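This report describes selected features of one protein structure. Please look at the sequence and the model before reading on.

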Amino acid sequence: MHDIRAIRADPAGFDAALARRGMEPASGQILELDQAVRSATKEFEESRAELKLKSREVGKLKAGGKHDEAEQLIRDIADWEVRQSQWFGNRANEPEAQRDLILSTLPNTLDPDVPDGRDESANVVLHQHGDIPDFAFTPKQHFELGEALGLMDFATAAKIAGARFTVLKGPLARMERALGQWMLALHTDEHGYTEASVPLLVNDASMYGTGQLPKFADDLFRTTDDRSLIPTAEVPLTNFAREEIFPEADLPLRLTALTPCFRSEAGSAGRDTRGMLRQHQFAKVEMVSITTPDASAAEHERMTRCAERVLTDLGLTWRRVFLCAGDTGFGAARTYDLEVWLPGQGAWREISSCSNTRDFQARRMNGRFKPREGKGNQFLHTLNGSGVAVGRALIAVMETFQQEDGSVLVPEVLRPWMGGIERIAR
RNA sequence: GGAGAGGUGCCGGAGCGGUCGAACGGGUCGGUCUCGAAAACCGAAGUACGGGCAACUGUACCGUGGGUUCGAAUCCCACCCUCUCCGCCA
């Protein structure tokens, strides 16, 4: 959510920020509505002030035993109120709703150093870890490996649930579990995050707070009682801050959770249909930081390094990509994607996305902190990052550590979490 | 799911429909006292939006949304949440 005062103060700057995202200017329409809101509100408040004054007078007359005068005044007020209502009615409500709807559907302002560009082709690779591995044979894709092992079953998943679901069995199911457990342990034990177990079904206020609503309702699965399945644990974790005022001394809050995520993938029809790259349901370890404006930039770098650590320790080849203006998500001021090399697919694929939303989400959810010094409360900054997507990590491990015979070596770090299994084979 | 009770400021807790943004107590902050601290005493302090250079000032907010009324924290309706008991259940 944007600060209407900032738009009033610098409409041109606001439109320039939108232009970076390839959007049309909006300040003109917003300020026009805002003006209507403000003038109608002013009338309303003046009228209310007068009404309160008159009504108090009635009370005084009655208290003084002057009942006839009081009755006369009540009749006068009633007449006056009718005339007033013809004047102002609820003229502020409609433009206010329009103004706020527009504001709530406009994306966050980008950081100045976000690269220009319309789409992912303009993203900037910041650095790469590891070389693209050589194979003495033609590496297979994860679903070829998984199906040959008899441990990845899309037919059964389709029977049970439909397209875009996966059934994992035996050591592959266990490796998925091991990945999630290990990542969670890493972030809690070494990176200072607090583990949280959270609701997977959330209300509309929470979805609004992180920015899924009102604009992206189609991407969500709805329940019959007006809740939504979470598309990411960013939603419940970030909403810890909703309607809260934290003492600055309590910050930063660093939260992590391993949860299933549910996405309708509306608009992705036909993309990544083979395998488990793009599913309606997948497991993900999420990191969320709730912090102060001064600390959020450093926190973003730190969080991204926490995610990178996961990939490095697994022995994967990865790179950090700075998303360009056109590819940066709705709520983010800046985003680093981590892409992992998939030898079977022969392509870099996103496995983590770390974003600083600055005060964008905090404004939506009215999440504030009380500064150590100075007066007044300020909006928090919120950040989120995958640490990392478990399903995609499984894919990357399979494709990276596959052997010519179709077996898969288990990364060292996962072995303790898999009862010592070193290789998954037929 | 059934029955009941309740949701008020940082916390506890009052509040005949009229000067209530809200008594009182605790906590917090500032001061007096003290070598210092405690105690005691004095004082300050809600959030948001708008107007004003400022002092200051208007409006809204007593779970949420409607309604009744000249006037609502107080009355009515719906919803949400919490607690107690019963039932059911991982």
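The model discussed here is predicted.

Helix H13, which spans residues 390–400, is mostly covered, with 11 of its 11 residues buried. The buried residues of H13 include Val-390, Gly-391 and Arg-392.

In what order do the strands of the open sheet of 8 strands lie? The order is E1-E10-E11-E12-E15-E9-E8-E4, and the pairing is mixed. The edge strands are E1 and E4 (194–195), each of which pairs on one side only. Strands of a sheet pair through backbone hydrogen bonds, and the pairing can be parallel or antiparallel.

E10 pairs with strand E1 (residues 124–129) in the antiparallel sense, over 5 bridges. Within this pairing, Val-124 has Phe-322 of E10 as its bridge partner. E10 also pairs with strand E11 (residues 334–342), again in the antiparallel sense and over 5 bridges. Here Phe-322 stands opposite Tyr-336 in E11.

Further along the sheet, E8 and E9 run antiparallel and are joined by 10 bridges. Leu-258 stands opposite Val-285 in E9.

## The sheet of three strands

There is also an open sheet of 3 strands, with the order E7-E13-E14 and mixed pairing. Strand E7 (245–247) and strand E14 (378–379) stand at its edges, and each has a single partner strand, so one side of each is left without a neighbour in the sheet.

How do E7 and E13 run, parallel or antiparallel? E7 and strand E13 (residues 368–370) run parallel and are joined by 3 bridges. Ile-245 has Arg-368 as its bridge partner in E13.

## Salt bridges

Side chains of opposite charge can pair when their charged atoms come close. How many salt bridges does a search of the whole structure find? The search finds 31.

Arg-278 takes part in a salt bridge with Glu-265, where the closest N and O atoms are 3.4 Å apart. Arg-278 and Glu-265 both lie in the loop between strand E8 (253–262) and strand E9 (281–291), so the pair ties together parts that are 13 residues apart in sequence. Both residues of this pair, Arg-278 and Glu-265, are buried. Arg-278 forms a salt bridge with Asp-272 as well, with the closest N and O atoms 2.8 Å apart. The relative accessible area of Arg-278 is 12%, so this residue counts as buried.

The side chains of Glu-286 and Lys-284 also meet in a salt bridge, at 2.7 Å from N to O. Glu-286 is buried because its relative accessibility is 2%. Lys-284 has a relative accessible area of 5%, so Lys-284 is buried too. Elsewhere, a network of salt bridges links Arg-8, Asp-34, Arg-38, Glu-96, Arg-99 and Asp-100.

## A positive patch on the surface

Which residues gather in a patch of positive charge on the surface? They are Arg-48, Lys-52, Arg-56 and Lys-60. Arg-48 is placed in helix H3, which spans residues 27–63. The relative accessibility of Arg-48 is 42%, so Arg-48 counts as partly exposed.

Thr-188 is located in helix H8 (residues 170–189). Its relative accessible area is 21%, so Thr-188 is partly exposed; the cut-off for buried is under 20%.

How far apart are Thr-188 and Tyr-208 in sequence and in space? Thr-188 and Tyr-208 are 20 residues apart in sequence, and in space the distance is 28 Å from C-alpha to C-alpha.

Note on methods:
Residues are numbered from 1 along each chain as its sequence is written. Chains are lettered from A and ligands numbered from 1 in the order in which they are written. This is a predicted model: local features need pLDDT of at least 70, side-chain atom pairs count only at pLDDT 80 or more; totals for chains, interfaces and linings use all residues. Side-chain values use heavy atoms; hydrogens and water are left out. Patches are made of residues with over 30% relative accessible area and no salt bridge: like charges are joined within 9 Å, nonpolar side chains (Val, Leu, Ile, Met, Phe, Trp, Tyr) within 5 Å. Accessible areas come from the Shrake-Rupley method with a 1.4 Å probe; for residues, only the protein chains shown count as cover. A salt bridge is a side-chain nitrogen of Lys or Arg within 4 Å of a carboxyl oxygen of Asp or Glu. Lys and Arg count as positive and Asp and Glu as negative; His and the chain ends are not counted. The place of a charge is taken as NZ of Lys, CZ of Arg, CG of Asp or CD of Glu. Helices (H or I, at least four residues) and strands (E, at least two) are DSSP runs, numbered from the N terminus. Buried means under 20% relative accessible area, exposed over 50%, partly exposed in between (1.4 Å probe, protein chains only). Two strands pair if DSSP finds at least two bridges between them.
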